[in-house]
Amino acid sequence: MDNFRELVLQNRSYRRFDNSVTIERSKLLEWIDIARYTPSARNQQPLKYMAIADEARNQEVFRTLSWAGFLTNWHGPSPEEQPTAYIVILHDTSIAPNCHCDHGIVAQTIMLAAVNEGFGGCILAAVNRPMLAKTLQLPENFEIMLVLALGKPSEVIVTEPMVENRHSYYRDEKDVHHVPKRDLRDLILGS
């Protein structure tokens with residue numbers, strides 16, 4: 001992608017995927033390799049990753065996730081719309097007592113790398129962490145920070161101006177996902 005603004009605008013929180021299009025684990029490792037070069041607080045680099053791209057493990061991860069809290073009548077993607085890969089971002093507490101905002105930086109970097117290659121995903125913090133830690137057999141020094149659900153997006157997402165501070169995303173009668181965004185003028189303080 002030549003235009004960085006367009007890349008960012010295409011990076012939405014996709015929750016429905018064409019699961020006939022898989023992502024190879026080697027591709028996940030490429031994206032993690034890009035992310036490892038991002039800034040890290042005090043350069044401690046306490047993040048570790050699990051790259052998951054096989055159907056059985058995907059199902060194990062999927063069961064621990066909650067999807068789209070504002071869509072109260074939707075309980076997540078159907079089996080044919082589920083992600084085909086995941087990256088679990090972990091904080092290794094044996095390296096540093098906290099990871100500050102490092103996990104956000106790497107999550108966005110990985111998502112931009114995915115979108116740049118025609119994929120997309122959703123950054124999930126609504127995770128049953130004890131269940132996922134047990135499923136992944138994580139040692140106690142690993143704290144689950146985020147789960148990145150990844151795949152080939154199969155939904156249309158549009159951004160629109162926020163009206164009267166209504167920030168809830170929604171789906172219309174054609175199943176298009178709408179995401180209200182604040183105007184730039186509402187974000188900038190001072191002159």
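This is a predicted model: local features need pLDDT of at least 70, side-chain atom pairs count only at pLDDT 80 or more; totals for chains, interfaces and linings use all residues.
Residues are numbered from 1 along each chain as its sequence is written, and side-chain values use heavy atoms, with hydrogens and water left out.

Strand β1 and strand β2 (residues 85-92) pair in the antiparallel sense over 6 bridges; two strands are said to pair if DSSP finds at least two bridges between them. The strands (E, at least two residues) and the helices (H or I, at least four) are DSSP runs, numbered from the N terminus. In general, strands of a sheet pair through backbone hydrogen bonds, either parallel or antiparallel.

Stepping back to the sheet, 4 strands form an open, antiparallel arrangement in the order β1-β2-β4-β3. At its edges are β1 and β3 (120-124), each pairing on one side only, and the twist averages 20° from one strand to the next. Helix α2 packs on this sheet, touching β1, β2 and β4 (142-151), and its direction makes about 160° with that of β1. Contact here is heavy atoms within 4.5 Å, and angles run from 0 to 180 degrees between N-to-C directions, with axes fitted to C-alpha atoms, for helices over the stretch in contact. Helix α5 (residues 129-136) lies across β1, β2 and β4, running at about 85° to β4.

Most residues other than glycine have a negative phi. Gln 45 is partly exposed, with a relative accessible area of 45%, where buried means under 20%, exposed over 50%, and partly exposed in between, using a 1.4 Å probe and protein chains only. Asp 175, in the loop between β6 (170-171) and β7, also is not a glycine and has a positive phi, of about 70°; Asp 175 counts as partly exposed because its relative accessibility is 38%.

Finally, Ile 188, in the segment after β7 (177-181), counts as exposed because its relative accessibility is 53%.
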